[in-house]
Structures are given as C-alpha cells and as structure tokens.
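User: I would like to go through this structure term by term and hear what each label rests on.

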Protein chains: 2
Amino acid sequence: VSRFREEIGEQPSVAGRLLLGAGPAVEAIGARLRASPPTGFLIAARGSSDHAALYAKYLFGSRNRALVSLAAPSLFTHYGRPPRLGGACVIGISQSGASPDVVAVVEEARRQGCLTIAITNEAGSLLARAADLVIALETGPERSVPASKTYTASLLALAMLSQAIDPDPKFGAALARVPRALAAALEADQELDRLAPALLGPRAVVLGRGFNLSTAEEIALKLTETSYVLARAWSVADFEHGPIAVVDAGFPVLLVGSPGPVAADLTEIAERLAAYSCRVVGLFDGAAGPLGADATVHLSSGLPEELTPLTLAVLGQLLAHRVALALKIDPDHPRALDKVTRTW
Amino acid sequence: VSRFREEIGEQPSVAGRLLLGAGPAVEAIGARLRASPPTGFLIAARGSSDHAALYAKYLFGSRNRALVSLAAPSLFTHYGRPPRLGGACVIGISQSGASPDVVAVVEEARRQGCLTIAITNEAGSLLARAADLVIALETGPERSVPASKTYTASLLALAMLSQAIDPDPKFGAALARVPRALAAALEADQELDRLAPALLGPRAVVLGRGFNLSTAEEIALKLTETSYVLARAWSVADFEHGPIAVVDAGFPVLLVGSPGPVAADLTEIAERLAAYSCRVVGLFDGAAGPLGADATVHLSSGLPEELTPLTLAVLGQLLAHRVALALKIDPDHPRALDKVTRTW
C-alpha cells in the first residue's frame with residue numbers, strides 16, 4: 001500500500017484528534033475575534049492549502065458574513081508593494097509552515113497591526129513563529145507528496161474557527177459527525193473503480209459550484225499531480241461562459257456536489273453535457289446526484305452542504321489514487337516534485 | 001477574415017477612444033474615491049472579465065495599495081448570504097452588462113451602502129443601471145463570441161481608474177502610449193505562426209506571474225474556447241507546488257511575461273522545463289525573454305510591466321486565432337456557446 005493511500009485512510013482519526021486537540025485554541029481565537037471583529041479575512045496559501053482558502057471564502061462568507069480575500073503573495077515578496085490590510089485578520093495556511101511567500105504575507109500583516117493566524121502541521125515552523133496565533137493540525141507527518149490528511153484537516157480547522165466565531169449548536173453537532181462521515185467515505189473506495197476508466201487522461205474537466213468549487217479544484221490538482229491527467233476545474237457558471245466549447249463526444253467531465261442551493265446547476269450542466277455525449281461521472285454526498293448509478297459514486301454522510309467538501313475531498317483522493325494505480329504511477333513520488341516547495 | 005480577427009485589429013483605436021472618451025468619468029470617480037477612500041475593492045465578474053478583475057488585484061494592490069477581493073457570486077445569488085462589505089468599493093465588470101450574478105453583487109453592495117461602479121460595453125444595461133457610477137467601454141459591438149477588444153478595454157479602464165486615484169505623470173504618459181503599443185503588438189501577427197504548431201492540442205499549460213498571471217489565464221481561456229485545446233494557466237509559484245508533475249518530454253508550455261521583479265521566476269521555470277524536454281514557447285514584452293528566438297515572439301512596446309498585460313493579451317488573441325485557423329475551427333462561433341451567458 002502506498003503512503004498516499006495510508007494517509008488517506010488516517011483521515012477519520014486525524015479529524016477526531018483535531019476536534020478534541022485544537023478545540024481550546026480555536027475557542028480562544030474565536031473569543032478574540034468576537035471581542036474585536038476584523039473587517040474581513042485575508043488568506044495566504046499555495047496549492048492544496050489555497051483550495052482550503054477558497055473553501056473559507058464560502059464558509060466564512062455565508063456563516064460569518066465575512067468578506068474573504070485570497071492574497072496575491074508576489075505583491076508582498078517580488079514587488080515589495082503590499083496592499084494596506086486595514087483591520088483584516090490574516091490567515092496563513094501551509095502544511096510545512098515553510099513557504100517563504102506565505103510567511104512574508106503574515107509578517108507584513110503583523111507589521112501593519114493585523115491579527116494573524118497560522119494553520120499548519122508544523123507547530124515550530126517559520127509560519128507558526130511569524131503569526132500571533134496558531135492552529136496546529138497535528139496530523140502526524142505527511143510523507144506522501146500529494147497532500148491528503150493535511151487538506152481535510154485544514155478544512156476542518158477553518159470550519160471549527162467559523163463555528164467559534166458564530167457558534168450554532170446544529171453546526172457543532174455536524175462537526176462532531178465529521179470523523180464518522182470520513183470513515184463512511186473511505187468505505188466507497190472499491191466503488192470508485194467504476195469511475196476511474198473515464199479519467200485515465202490525457203485531460204479532464206472537473207466542475208463544482210459554491211462550497212464544492214474548492215473540492216473541484218482540489219480533485220483536479222490531485223488528478224494532475226498523481227496521475228498526470230491535465231485536469232482543469234471550473235465553477236459551473238464560469239464553465240458555461242466559454243470553456244464549455246472544449247468538450248465533445250467522449251470528453252471526460254467529473255461533477256462534484258451535494259444537495260443545496262447550487263445542486264440544480266449541476267443537474268442542468270449534466271444534462272447539457274450528456275446531450276453532447278460527454279463521458280460524465282460524478283461524486284455526490286447527499287441525495288442522489290444528477291447522474292445514473294453507473295456513473296456516480298454516491299455517499300450519504302448526513303453532513304450539511306457546508307461540510308461535504310471534507311467527505312468529497314476524500315472520495316476525490318481515493319479516485320486519484322485508483323487512477324494512478326490504473327496508470328501504474330507511484331502516487332507517493334510524482335515526478336519532478338519535492339514535498340516542500342519554497343517559492344518566494 | 002473572421003470577426004474575431006477584425007475585432008482584435010480594432011484594439012488600438014478602441015484604446016485611443018477610451019482614453020479620450022472615458023477620461024472625464026474616470027477622473028470624477030477618482031476624485032470621489034480620493035475624497036472618501038474605500039476600505040478596499042470587491043470585484044464581481046465572469047470569464048474574461050474575471051481575468052480583468054485579477055489584473056486589478058495586482059494593479060490596485062501595488063499602485064494604490066488597496067486590497068482587492070474577487071466576489072463569490074453564488075453567496076449573493078444561490079445562498080442568499082452575502083458577506084458584509086464594510087466600506088468597500090464594489091466594481092462589476094461585464095461586457096454585456098446582462099450577467100444576473102454580477103448585477104446581483106452590485107445590487108447588494110448598494111443595499112449595504114457601498115459605492116458601486118459598472119465597467120461595461122453597454123451603457124444602458126442592467127449592470128449600468130444598478131451601479132452608482134459607470135465607465136462605458138464604448139468599443140462598439142463585439143460580435144465574435146470570444147472577447148478581445150472588450151477585454152483590453154476593461155484592463156485599460158481599470159488602469160485609468162488606478163491612475164485617477166493615485167495620479168503619477170510617468171504612468172499617465174505610459175497610458176497615452178497604449179494605443180501605439182497595441183498597434184505594435186498587431187504587427188507581430190505573422191511571427192506567431194512560429195508558436196502555433198506547439199499549441200495544436202489536446203492540452204497545454206500557460207504560465208505567468210504577478211501582473212501577467214491574468215494574461216496567462218486569459219490566453220488559456222482563449223485557446224480553450226477558440227481552439228478546443230484544454231489549456232490551464234498557473235502562477236509559476238503554484239505550478240511548482242504540484243502541477244509541474246504533469247509535464248513530460250514534448251509537453252507544450254507557453255510562458256507569458258515581461259521584465260520586472262518576477263522575470264527571474266520565468267527564466268528559472270523555462271530552464272527547468274527545458275531540462276524535461278518540454279516544448280516551451282513564450283510571449284514576452286520587453287527585453288528578451290528566457291527562451292531562444294525560435295520559440296519566442298518578442299515585442300518591445302516600451303510599456304512598464306504594469307501595462308504589458310494589454311499588449312500580451314493581444315499577442316495571445318492573435319496566437320489563439322492562428323491556432324484555430326490551423327485546426328480549421330471557426331473562431332467566431334465556438335461550439336456550444338452564445339455571446340451572452342446569463343448565469344445566476
């Protein structure tokens with residue numbers, strides 16, 4: 001078994017540990033943010049962590065009514081002309097805590113007097129030392145190059161933070177169900193073999209919207225880095241504004257979603273793509289998705305839409321793993337990659 | 001000659017007209033923003049216009065030291081839970097002014113008491129009526145489905161707005177040179193035939209960083225919608241964090257850039273990709289790029305880096321047009337697309 005698959009399997013226990021272990025730190029941060037509410041959030045991150053930031057844009061936006069911006073790190077590093085951050089709370093997300101560009105954004109934010117938070121797996125990292133407050137993911141070492149457990153742990157940390165800022169008993173109960181839901185997602189592993197043949201490359205489109213746009217981006221990245229399939233994610237809305245021209249008969253499209261306000265958009269695009277004879281497959285959590293049983297892996301975790309990016313990310317990791325194996329690629333060591341990338 | 005190519009050719013005169021015609025409106029908006037500075041900017045847009053918004057993130061960030069967020073429209077439409085916008089200035093960008101989701105963001109911003117600006121080619125559109133202030137692009141009708149002149153006009157309108165907020169004689173002089181620079185870009189049309197064979201599909205990667213990350217995104221979209229090449233753009237930094245695993249010998253990669261603080265990153269990635277025997281080609285404006293003469297189309301517009309996204313977008317449009325012709329695709333009518341997409 002590859003390390004990637006092993007680490008995918010650790011996610012229920014990682015989530016359980018995070019809910020218990022990080023609770024007090026997150027509560028303290030929530031109290032501080034409630035006492036002096038920031039004008040919004042700025043999040044600096046790269047790769048998978050940037051997809052966690054995209055998730056926060058929707059989660060903090062809808063649950064906390066907070067405006068979330070994703071940082072353009074080169075303004076802080078190469079150009080040396082960072083924007084004025086006003087009273088924003090600045091969050092840096094980095095598994096290793098060693099990304100110089102993410103650290104640079106947090107350092108500048110402190111200079112400007114912003115409250116800064118590090119979300120990282122390395123509590124002693126540069127990033128953790130640069131920030132005022134730290135949420136330690138404590139997932140144990142992630143040795144596979146493609147991120148899995150640190151991605152869902154970052155999502156969960158953000159969801160816990162959202163809850164700490166605006167507590168709601170129902171959402172709290174849903175958070176407590178996350179470890180069990182991730183375990184249920186793992187049980188779908190074999191079923192995913194039905195979807196793998198559609199995604200053997202050389203290219204694929206992954207579509208989501210709303211909360212699961214971040215999941216679509218993350219699954220596209222996983223497919224690209226573990227299986228060398230050039231997978232491109234779009235919001236259904238952006239896709240219909242132009243890129244849809246790329247598809248023709250047989251073109252592989254993966255839809256990712258759950259019941260909720262954007263579900264109808266996925267149904268509609270599924271029908272349109274079926275009319276073009278695309279090869280449409282789907283990962284859904286909740287009531288049956290728009291596709292037939294053959295083309296869908298369908299989970300019923302019972303989580304609210306806001307938390308389905310966790311279960312769906314696990315399905316996407318398992319799927320990317322199966323695609324890699326089908327292509328006889330070692331998912332632990334993608335070509336041309338080291339685990340820690342130190343871009344500036 | 002296709003309409004797409006005709007409209008590409010109109011860009012120098014469109015830019016000249018915009019500089020003169022929109023000057024007073026933009027000056028008035030600049031005065032208003034100087035009198036009561038917003039806490040930042042929120043921009044709502046789709047497709048090419050969203051790439052103009054990405055340009056503004058770098059331009060307003062570095063020139064005006066303003067934090068720019070890109071809106072998540074579904075929070076305003078499907079979820080009905082928009083974030084609190086505080087004292088942000090909210091800009092909607094839409095060629096047609098008919099995108100219901102962009103209009104919804106601007107309407108909510110007005111409800112929240114934000115100053116709102118529409119950048120649109122249709123001065124009588126829903127978007128123009130929803131906003132407090134309008135910058136009319138006045139490009140004349142854009143009849144080709146892939147945007148060209150409305151894209152560069154949107155970039156120029158944003159650059160004029162940046163200058164109106166923080167006037168600088170040197171930047172003003174550079175703005176005045178834009179029409180001539182776009183004319184120079186048009187003269188490179190034939191040269192682009194050298195690059196087209198690398199980009200005939202089925203997939204390609206387009207890389208930029210900083211100001212020209214927006215250009216990389218826009219060129220990837222143009223290739224995807226006019227030539228059905230699945231082209232995916234990344235910031236060089238994000239690319240090195242994972243997606244670089246996708247490339248192997250012969251994989252086509254287009255680099256887009258100009259001299260400036262991020263140029264060394266492009267040189268470095270070009271060398272790394274060359275070591276993997278990728279098929280690397282480039283579009284550069286300014287001193288010679290990192291690639292040999294065969295693989296590069298090289299312009300010397302004399303524009304500062306901040307304005308090279310205009311000239312490089314024109315080179316990208318011409319290139320996408322040549323790729324479409326080589327593939328015998330009608331660039332005016334991409335399959336599956338209408339000019340106005342009304343996503344909600």
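This is a predicted model: local features need pLDDT of at least 70, side-chain atom pairs count only at pLDDT 80 or more; totals for chains, interfaces and linings use all residues.

Analyst: Residues are numbered from 1 along each chain as its sequence is written, chains are lettered from A and ligands numbered from 1 in the order in which they are written, and side-chain values use heavy atoms, with hydrogens and water left out.

User: What relates chain B to chain A?

Analyst: A rotation of 180° with 0.0 Å of shift along its axis superposes chain B on chain A, at an RMSD of 0.0 Å, where the superposition is by least squares on the C-alpha atoms of residues with pLDDT of at least 70 in both copies. That is the relation of a two-fold axis. The same surface serves both copies, since 100% of the contact residues of chain B recur in chain A, contact meaning heavy atoms within 4.5 Å.

User: Why is H8(B) called roughly antiparallel to H14(B)?

Analyst: Helices are DSSP runs of H or I with at least four residues, and strands are runs of E with at least two, numbered from the N terminus. Helix H8 (residues 149–165) and helix H14 (residues 308–326) of chain B pack at about 175°, with axes 10 Å apart; the axes are lines fitted to C-alpha atoms over the stretch in contact, and angles run from 0 to 180 degrees between N-to-C directions. Angles over 145 degrees count as roughly antiparallel, and therefore H8(B) is roughly antiparallel to H14(B).

User: How do you know that H11(B) is largely enclosed?

Analyst: Buried means under 20% relative accessible area, exposed means over 50%, and partly exposed is in between, with a 1.4 Å probe and protein chains only. In H11(B), 15 of the 15 residues are buried, so the helix is largely enclosed by the rest of the structure.

User: Is B:Ile244 buried or exposed?

Analyst: B:Ile244, in the loop between helix H12 (236–240) and strand E8 (252–257) of chain B, has a relative accessible area of 0% and is therefore buried.

User: What makes A:Glu138 count as exposed?

Analyst: Its relative accessibility is 52%, so A:Glu138 counts as exposed. A:Glu138 lies in the loop between strand E5 (133–136) and helix H8 (149–165) of chain A, and its phi is near 50°, a positive value in a residue other than glycine.

Note on methods:
Angles under 35 degrees count as roughly parallel, over 145 as roughly antiparallel, 65 to 115 as roughly perpendicular and the rest as oblique.
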